[in-house]
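Please keep the sequence and the model in view while reading.

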Amino acid sequence: MVNYTSVTEFLILGFPEFPELQLPLFTLFSILYLMAVLGNLLVICIISADQHLHIPMYFFLANLSALDICSLSSIVPKTLAILLAKDYNISFLGCFLQMYCYTICVATEFALLTAMAYDRYIAICNPLHYLDIMNKRACAVLAAASWIVGILESLPHNIVVSQFPFCDSNVINHFFCEIAAVVKLSCSDTSIIQTMNYTLGSFIVLMPFLLTLTSYVFIISTILKIRSSEGKSKAFSTCSSHLTVILLAYGTMVGVYIHPGTMDTADPKKLPIAMYIVTLPLLNPLIYSLRSREIKVALKKAIMMTH
């Protein structure tokens, strides 16, 4: 006989293994959160205000910045409440909303990065028809499709897990309602989730990766055909920021999440996951700001106008 219970709320442990670091972690995450949110808001404002930045690449960047703010705000405020106020409780609905928001953001980010790779492919491999192909309607469709793909791809996971019966414990050994940590609390057969992880994971991560890789194979091939070193440098500089963000996104995802026995790990990689969630949205605007001459110019204009 299994004692099935009707769970109405969960308790999120946070970082109990570091009792002496609760305040330092709160301070660190607060600073990184504020910097990331303000940095991405600044990028959105600059792109919106400057007519010269109303081009496809920066339209997608503004979407990416909005996505990063959503991703951070779905997790970090609750984590800060746990660290500072010991507010461990979260409702059943609140937990699954947080889980759903986070999975949407992850799936949408990879879809957006793929759309940005396609934009760079057209800009470098077919520059004469770039403005005709990447018109406002095409950009709007690609951006909307990225968000819709993220919303739809994340839905099956969350619906299935929300139907699981929970017993014995409602304590989540994590700092947010991470899907693997919640699944561990179920006393039913959870093998369907592992199957879904492999199946949907291929669409969320592998498919965008292959499409992005294909785009960059054509991009690099085209750049290598350019005879002058100056032309090669100029062509590469137009996609270097996006390539850096791609490498960071996929590299950190693989390093933090893709490892054997993710669903069965007793001690989740909470600190690396926390740093992945908080620092990646902070790095995106920094990378584009440091590498993009257009954003630097627009930022200088905005600063001069305030004086």
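## Cysteines and the disulfide

The sulfur of Cys101 lies 6.6 Å from the closest cysteine sulfur, that of Cys105, which is too far for a bond, given that a disulfide is taken as a pair of cysteine sulfur atoms within 2.5 Å. Cys101 is partly exposed, with a relative accessible area of 34%, where buried means under 20% relative accessible area, exposed over 50% and partly exposed in between (1.4 Å probe, protein chains only). Cys125 is likewise partly exposed, at 26%, and its sulfur is 9.4 Å from the closest cysteine sulfur, in Cys239, again too far for a bond.

The model is predicted, so local features need pLDDT of at least 70 and side-chain atom pairs count only at pLDDT 80 or more, while totals for chains, interfaces and linings use all residues. Residues are numbered from 1 along each chain as its sequence is written, and side-chain values use heavy atoms, with hydrogens and water left out.

Across the whole structure the search finds one disulfide. It joins Cys95 to Cys177, with an S to S distance of 2.1 Å, and is left-handed, with -125° about the S-S bond. Because Cys95 lies in helix α3 and Cys177 in the loop between β5 (171–172) and α6 (179–183), the pair ties together parts that are 82 residues apart in sequence; helices (H or I, at least four residues) and strands (E, at least two) are DSSP runs, numbered from the N terminus. Cys95 is buried at 0% relative accessible area, and Cys177 is buried at 1%.

## Aromatic pairs

The structure holds 14 aromatic pairs, defined for rings of Phe, Tyr and Trp (its six-membered ring) whose centres lie within 6.5 Å, with planes under 30 degrees apart counted as stacked, over 60 as edge-to-face and the rest as tilted. Phe110 and Tyr250 form a tilted pair, 4.7 Å centre to centre with 40° between the planes; since Phe110 belongs to helix α3 (residues 92–125) and Tyr250 to helix α9 (residues 240–256), this pair ties together parts 140 residues apart in sequence.

Phe110 is buried at 1% relative accessible area, and Tyr250 is buried at 7%. Tyr250 also pairs with Phe209, and because the centres are 5.3 Å apart and the planes at 65°, that pair is edge-to-face. Phe209 is partly exposed, at 35%.

## Packing of α5 and α7

The axes of helix α5 (residues 136–162) and α7 come within 10 Å and cross at roughly 170°, where axes are lines fitted to C-alpha atoms, for helices over the stretch in contact, and angles run from 0 to 180 degrees between N-to-C directions.
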